[in-house]
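The sequence and the model are shown first.

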Amino acid sequence: MTPAARIAAAIEVLDAVLAGEAAEKVLTGWARGHRFAGSGDRAAIRDHVFDALRCRRSCAWVGGADTGRGLMLGAVRLAGGAPEEMFTGARFAPAPVGADEGGESLEDAPEAVRLDMPDWLMPPMAESLGDDCTPVLEALRRRAPVFLRVNAAKAEVAEARAALAEEGVSTRPHPLAETALEVTENPRRVQGTRAYREGLVELQDAASQAVCAALPAGPGTRVLDYCAGGGGKALALAARGAEVVAHDADPRRMRDLPERARRAGVRIETVATEALPSAGRFDLVLCDAPCSGSGAWRRSPEAKWRLTPARLRELQEIQMDILLRSCDLVAPGGTLAYATCSLLAAENDRTVAAFRAAAPAWRLVDQRRWTPRDGGDGFYLAQLMRDETDPP
Ligand SMILES: C[S@@+](CC[C@H](N)C(=O)[O-])C[C@H]1O[C@@H](n2cnc3c(N)ncnc32)[C@H](O)[C@@H]1O
């Protein structure tokens with residue numbers, strides 16, 4: 001496909017996404033319907049779509065419209081290109097640029113447009129991030145690196161790096177976690193490598209690994225991953241030798257976990273919600289709660305535009321409910337850990353404060369935050385312990 005044809009395809013996909021469909025689903029459907037497109041074409045179209053979604057407001061401002069075409073016109077202009085060279089109207093290329101498609105200069109745009117944030121989120125972001133607000137929101141406008149976790153249950157860091165390098169995947173260690181590698185060359189090849197297939201490495205964000213590294217887990221520790229989802233954190237904790245039990249309100253989310261655990265050479269038991277009361281108590285209960293995902297909006301930029309104040313309030317209620325239900329599963333002297341990949345205080349400190357107001361026996365013993373400025377996704381982690389004079 002020509003560069004112009006890829007832009008035309010991105011416009012088509014973006015229009016479907018702006019109409020409410022999920023980007024991944026639309027991209028998969030597009031690829032099925034256009035079998036002639038090679039992997040390079042599909043990757044380029046995907047990059048166009050995600051780049052434009054990350055910078056939706058600035059692209060729309062510069063492109064003159066919040067449509068697939070407006071976003072791609074804006075994206076080409078913001079990248080310093082000349083849209084007239086791509087928007088030619090030739091076969092498979094987008095129609096020529098109209099006189100009314102001039103767009104506006106980003107210099108004259110309001111701050112929320114320049115930072116690609118919905119207006120209503122600017123005050124809570126400023127309150128949550130303080131002096132870091134502008135650089136963090138700027139970081140969310142860029143692509144996220146691809147990170148791997150070296151699976152300590154199977155390999156040393158140097159061994160994993162050498163195995164990946166043999167198949168053309170270059171990496172460098174990342175300071176966020178001892179197990180973290182940032183892929184510097186050929187990220188799309190990772191899943192085809194022997195190192196990945198044999199479980200020497202897993203795909204996991206570096207800050208997500210830092211969250212796991214900060215938790216008290218190791219041989220002899222019994223851990224409940226209460227919101228296990230696909231099991232990224234459960235696998236990281238099991239690799240450190242902990243005995244991990246995985247739970248999720250939606251067990252279908254844990255569907256791939258047995259296969260992932262097998263590949264990683266670790267054992268992870270899953271437990272249904274009804275069976276939790278008889279599962280005993282745990283040294284560590286991790287609640288990696290559902291949240292806005294604002295710390296990961298580089299990877300899931302659609303979520304930035306779909307979040308509403310009502311959904312944020314609903315998430316806060318779910319987070320509180322999860323803490324109240326899971327805290328009784330912590331063994332005496334054990335730790336209750338609350339994590340989100342959110343940058344918003346409303347889902348972080350404030351949820352923990354609300355929980356502590358409702359359950360005052362819980363003391364906050366540690367609280368950490370990571371933002372995309374640290375390299376990985378934005379994360380929050382609070383660790384709480386129960387005052388032993390006030391057992392459950
Ligand atoms: C942030 S994701 C977990 C990601 C996962 N821990 C990882 O590292 O890959 C949150 C998960 O919480 C689950 N969840 C939502 N409501 C829940 C509830 N009330 N109790 C337990 N899990 C819940 C969701 O199904 C989702 O899989």
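Threonine 171 has valine 183, in strand 3, as its bridge partner. The model discussed here is predicted. Four bridges connect strand 2 with strand 3, and the two strands pair in the antiparallel sense. They belong to an open sheet of four strands with the order 2-3-1-4 and antiparallel pairing. Strand 2 and strand 4 (201-203) are the edge strands, each pairing on one side only. On average, neighbouring strands of this sheet are turned by 40 degrees against each other, direction ignored.

A second open sheet contains seven strands in the order 7-6-5-8-9-11-10, and its pairing is mixed. Its edges are strand 7 (268-270) and strand 10 (362-370), each of which pairs on one side only. From one strand to the next, the twist averages 20 degrees. Within this sheet, strand 9 (residues 330-340) runs antiparallel to strand 11 (residues 379-386), and six bridges join them. Tyrosine 338 stands opposite alanine 382 of strand 11.

Helix 12 (residues 206-213) lies across strand 9, strand 10 and strand 11, and runs at about 10 degrees to strand 11.

The loop between strand 2 (170-173) and strand 3 (180-185) holds leucine 176. Is this residue buried or exposed? Leucine 176 counts as buried because its relative accessible area is 17%, and the cut-off for burial is under 20%. Beyond residues up to four places away in sequence, leucine 176 touches Ala206, Ala207, Ala210, Trp370, Asp374, Gly375 and Gly376. The C-alpha atoms of leucine 176 and alanine 210 are separated by 5.8 Å, although the two residues are 34 residues apart along the chain.

Tryptophan 370 is in contact with Leu176, and its other partners outside four places in sequence include Ala207, Ala210, Val211, Leu343 and Leu381. Trp370 is also among the residues with the most contacts inside the largest nonpolar core, together with Leu237, Val244, Ile268 and Leu381; this core has 35 residues. Two or more residues each come from helix 12, helix 13 (232-239), strand 6 (243-246), helix 14 (257-264), strand 8 (282-288), strand 9 and strand 11. The core lies between domain 2 (147-205) and domain 3 (207-386), because both domains give residues to it.

Notes:
Residues are numbered from 1 along each chain as its sequence is written. This is a predicted model: local features need pLDDT of at least 70, side-chain atom pairs count only at pLDDT 80 or more; totals for chains, interfaces and linings use all residues. Side-chain values use heavy atoms; hydrogens and water are left out. Two strands pair if DSSP finds at least two bridges between them. Axes are lines fitted to C-alpha atoms, for helices over the stretch in contact, and angles run from 0 to 180 degrees between N-to-C directions. Contact means heavy atoms within 4.5 Å. Buried means under 20% relative accessible area, exposed over 50%, partly exposed in between (1.4 Å probe, protein chains only). A nonpolar core is a set of buried Ala, Val, Leu, Ile, Met, Phe, Trp, Tyr and Cys residues joined through side-chain atoms within 4.5 Å. Domain bounds come from an automatic or database domain assignment.
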